[in-house]
Amino acid sequence: MSKVVITGSGAVCGAGRDPAQMLAAIVEGRSAIAPIESFDTTGWPVKNAAEIRDFNARSLVDDRKLHKLIRRTDMLGIYAGDRAAEAAGYGTHRDSLAEDAAHAFSDRTGIYVGSGGGAFENQYDFFPLMAQAHGDLAKFGGELPDTVNPMWLLRTLPNNVLCHVGIRNRLKGANACITNHSVGGTLAVIEATEALRNGEADRALAIGHDTPIEPQNVLYYHRCGLLSADTLRPFDARRDGSVFGEGAGALALETEDAARARGAPIVGEVLGGGYVSEGAGLLAIREDGDGVVRAIEAALADAQIDASGVGMIVAHGNGTSLSDASEAQALLRVFGNDCPPVTAFKWALGHLIAAAGIVETTIALAALRANTVPGIATFAKADAACAKLPVSQRARTPRSDVALVLCRGFAATDAALLVRALRA
Amino acid sequence: MSTIDTPHPPRIRSAPSPRLRREGRAEGRRRVAITGIGLVTPLGNDVAATWTALDAVKTGAAPITLFDASGFSTRIAAEVKDFDDGVITAPRKLVKFANRSHRFALAAAEEAMRDAGIAPTDDDATRWGCSVGTGMMGVDFADLSSVQRHCAPDGEIDPHKLLSDISASDPLAFCRSQSTAGVALLTRRFDIRGCATSVHTACASGGQAIGTALKLIRRGVVDRVLTGGFDSMISPVGLAGFCLLSAVSADNDTPDRASRPFDASRNGFVLGEGAGFLVLEEWEAARRRGAKIYAELAGDGNSLSSYRITDSPPDGDGPIQSMRAALADARATPADVDYINAHGTSTGMNDRSETSAIKAVFGDDAKRVLVSSTKSMMGHLIAAAGAVEVAICALAIDRGEVPVNANYREFDPDCDLNLVLERPRRQKVRMTLSNSFGFGGSNSCVVLRSADLVDDAR
């Protein structure tokens, strides 16, 4: 079985428009978390998020007709996916092929997307009609065609990024759209990797995208006690919750044989991954971190490496009391006293939900290439529950070229991904 | 070509990878058995009732009763009827987190688990997985209406008013709206602690969820999976979405005949709702415990049409690749297949494209292989469709009976398939294909094989 290599990446979030910019922000201790500008938060219990400022749809996706068919979250996913496909040289390679070979290239290129975003705002498009109808559904049905965009359903499809990145890049192979909350992007990488290992495709894009910063969503998370009053402090004694970000990330994956055969740039490798459920319900998680332990163990077994081979850990570190404490426990259980340097990125990017794991993986690869484990700028004093965890405000050096990236989501799902970076 | 002019540079050989062990495993690939089935469909609220209705060629379509649809261009749908939450044995507290589609899921999953006669225990819960196809409608219309009345009385949302809105403050409304609500309920209900995933590729969701489940067992990360799909879009907003696209049949006066896949006069699908669940087990484990095996889940194929968001190309490009991939994955050829449960939505474009694809893949065998779309009777269950239809294929193999393509009258030269007409066909069914093609261009094909053929071959 061929190795699965990484031939390109792309990412966008409040901290930058590619993984290198995001890493630079993190290394410099700059967080994208700031007062929310997309709606007026006067009187709101939550005022901060890591928004993408100077959001210019045209500069992200240069197809104005397409803008009418998709939402903000899709725009981000398409941007990241296109960048990864471009970096991996899909288009230039296919253009160099004869017609039959070009078709085969498309048929053998897959796409796996972890999708989120727009959950509530999608439906607000019906508010003008509902206001007109005043609760009279007969009127609602009658005035529907004159009031609501006929493309409404298509604009709100959760698999829009899968569809449009596919059409734009002529990808026609194995695919999936994973709607599994925060672990969606990571699961996209894991399932794409498995498809390549099994010969279902020769290469595949993995994408994660999400835009959780919408008022109703912010309010719900707040009511569930998940959001910080100001900022995100992973593993810190003063942590009080998470902070939303928005963005997308993508990795171009390929079997090593196929990548070498077409002379594609190889920048890293997916070693393996694993994901599990804690069976705890939608919001609850187990205090002992059992799911995180099992996800890491599954990833190590899948990659067939020992824990000692891990050079750095990018923790989920979402800044909530229970998630960070249970994650710290899990890491100490797996790695014991010999835990490699642990860092987390959400303090700088915000929590990108479905995009979190994959964007953080693109940054982890950039960090490994730069031979650094960036510090956590908002980390001051370790919480007792996380005391022995090797987290720091200062940068450290990775022990190897392998990163473990962790991700946790609603429905008590935990995912772990192991990637290797090839240094230039 | 002479080996001397090899166009490739010599490969750099890396040291033997420890992953060779995985390759060894792939050689002796694990087989997967279907050992439990559960259904909640417009034809019946369990497997027995659904099958009886299919056998009797009943249709589930009727005027919409769930809300006042009198103003809509389409006023018919295939609703789940007389569904009683009481059949769900989960704690009431858990059921509060469930919307209509989640309740269908809980009921169908319970039936499937009961049917399989096995459930996770504390010892093996981590060896169970859950893979589901989830519908796209998170927010209940009642919750949406409540937010609109309070926060957008003139049609424009005022975010400030959300702060005092009851629905926007209700954690239960939030939980029900989440795309992972279904998988969370199921993993909690049955204490499933292995891989859990939720997928959505519109109408291909159910098939893709089952394909994912198959791969989880094959790669050895779990031994058993509860898998399926659930959906309910029969709401003002859900129906509106399809009416706006003119995708649904507006034969309001003849709901029984509105869904007529492959018929020349077809004019759109009939929206359905429901859930279908399967219990999958690693073959040897199922045999060891003496489980009833409905069929082997033998292969999965999926592809992307990358053509248009709503259509497959008329020549079947896209579905062709998913069917071929599924057959190859099942190590089968078209000659092995006796029945295709078609996607067959009863839209002009789908049925034509699917016919082209079946003919391209099956060649001369297209004249022989039986084809029917059970959407003719139960409507289109969207994210649940693929899962319910794979379940029907398993039942067809197990019972030796192929359901009909109902409501067919008028021949369409673009849909010249060997349709099962008038009455179900009783015969040995060796292998089946189930097609599902989604908006967005995802195509799923799932292949089943009769269990006796597996045992004979061993």
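Residues are numbered from 1 along each chain as written, with chains lettered from A and ligands numbered from 1 in written order. In this predicted model, local features need pLDDT of at least 70 and side-chain atom pairs count only at pLDDT 80 or more, while totals for chains, interfaces and linings use all residues.

**Stop 1: confidence.** Color by pLDDT (the predictor's confidence in each residue, from 0 to 100). Chain B has a mean of 93, and 94% of its residues reach 70 or more. Select residues 1-26 of chain B: pLDDT stays under 50 there. The complex has an ipTM of 0.97 and a pTM of 0.96 from the predictor.

**Stop 2: a helix pair.** Select H9(B), residues 205-218, and H16(B), residues 385-399. Helices are DSSP runs of H or I, at least four residues, numbered from the N terminus. The two pack at about 65°, axes 5 Å apart. H9(B) is therefore roughly perpendicular to H16(B) (65 to 115 degrees). On H9(B), Ser205(B), Gly206(B), Gly207(B), Ala209(B) and Ile210(B) take part. Their partners on H16(B) include Ala385(B) and Val390(B).

**Stop 3: an enclosed helix.** Select H10(B), residues 236-244. Eight of its nine residues are buried, so H10(B) is largely enclosed by the rest of the structure. Buried means 20 or more other C-beta atoms within 10 Å of the residue's own, with C-beta atoms placed from the backbone. Among the buried residues are Leu239(B) and Phe242(B). Now show the neighbors: from chain A, H7 (121-124), H9 (137-147) and H10 (152-155); from chain B, H5 (141-151). Finish on Ser246(B), which follows H10(B) and has a positive phi, near 55°.

Technical notes: A residue is buried if 20 or more other C-beta atoms lie within 10 Å of its own, exposed if 12 or fewer, and partly exposed in between; C-beta atoms are placed from the backbone. Two residues are in contact if their C-beta atoms, placed from the backbone, lie within 7 Å. Axes are lines fitted to C-alpha atoms, for helices over the stretch in contact, and angles run from 0 to 180 degrees between N-to-C directions. Angles under 35 degrees count as roughly parallel, over 145 as roughly antiparallel, 65 to 115 as roughly perpendicular and the rest as oblique.
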